[in-house]
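Hi everyone, thanks for making time for this one.

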Amino acid sequence: MREYYLLYPTTMNPCTLERRFYEEARKAWLCPGCGSPRCHIQGLEVLIQEDKPDNAALNGITGTSLGLAKKNCITRFGDKILSKYFELGKVYGPNGVMLEEWVVFVGKHQVIVRGTEHVKLRQCPACGRNIYFGVGQRYLYPAPPQDVLVMDGSNGLLVVADELLPPLELCTWPKVKCVKLPVLDVPLDGLVDLKSVY
Ligand SMILES: [Zn+2]
């Protein structure tokens with residue numbers, strides 16, 4: 001039976017899109033309701049306000065579901081996994097200078113990491129996506145499709161199958177924690193099967 005792990009940033013300093021870029025992006029490719037990419041993105045790239053993002057291997061971009069990653073960490077997945085599971089793009093700082101150490105990412109498979117406390121679920125009025133918030137014990141429900149090894153949990157969170165972990169050398173990823181995510185038969189948040197969002 002496959003096991004899954006949650007990789008999540010511990011930084012309290014997410015990045016922020018440059019204001020005008022954010023407004024344009026919401027008209028073009030980010031949902032104006034929830035900030036998730038509307039569709040497959042050709043030529044993903046972002047302009048952020050920070051010229052030095054927090055030194056966390058994974059991070060989120062405020063007001064969007066986009067993730068930011070340190071290039072020398074996320075590339076440990078290897079080219080095959082990266083191209084199969086991620087859309088990766090360039091990151092530019094406030095003065096338009098490319099931040100070479102960073103990439104923006106969107107997972108090709110999305111997942112909701114479920115919780116037990118302060119659980120809230122609503123549907124985005126613009127795109128209909130399930131927007132979930134929950135803390136406490138984290139778990140997956142239902143089991144992800146067996147052929148999917150990497151999922152995007154939004155805002156820099158990744159859910160990774162156990163067999164991919166060793167080459168990642170997570171001990172070298174700054175400000176990232178890794179916890180096992182059980183797959184439960186019955187969700188603990190009283191909600192239904194949300195698998196339509198995968
Ligand atoms: Zn939306």
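Residues are numbered from 1 along each chain as its sequence is written. And keep in mind that this is a predicted model, where local features need pLDDT of at least 70, side-chain atom pairs count only at pLDDT 80 or more, and totals for chains, interfaces and linings use all residues.

So, the sheet with 5 strands. It's open, the order is β2-β5-β6-β4-β3, and the pairing is mixed. At the edges you find β2 (45-47) and β3 (58-60); each has a single partner strand, so one side of each has no neighbour in the sheet. On average, neighbouring strands here are turned by 35° against each other, direction ignored. That angle is taken between axes, which are lines fitted to C-alpha atoms (for helices over the stretch in contact), and angles run from 0 to 180 degrees between N-to-C directions.

How do β2 and β5 run? They're parallel, and 3 bridges join β2 to β5, residues 86-92. Look for Leu-47, which sits opposite Tyr-92 in β5.

Now the other sheet. This one is open as well, with 4 strands in the order β9-β10-β1-β11 and antiparallel pairing. The twist averages 25° from one strand to the next. Between β9 and β10 (residues 158-161) there are 3 bridges, in the antiparallel sense, and Asp-152 faces Leu-158 in β10.

Most residues other than glycine have a negative phi, and most peptide bonds are trans. Which peptide bond is cis here? The one from Tyr-141 to Pro-142, with omega near -5°. Pro-142 is in the loop between β8 (130-135) and β9.

Asn-155, in the loop between β9 and β10, has a positive phi, near 55°. Glu-169 has one too, about 50°, and belongs to the loop between α4 (165-168) and β11.

Buried or exposed? By C-beta atoms placed from the backbone, a residue is buried with 20 or more others within 10 Å of its own, exposed with 12 or fewer, and partly exposed in between. Asn-155 has 19, so it's partly exposed; Glu-169 has 10 inside 10 Å, so it counts as exposed.

Definitions and conventions: Two strands pair if DSSP finds at least two bridges between them. Helices (H or I, at least four residues) and strands (E, at least two) are DSSP runs, numbered from the N terminus.
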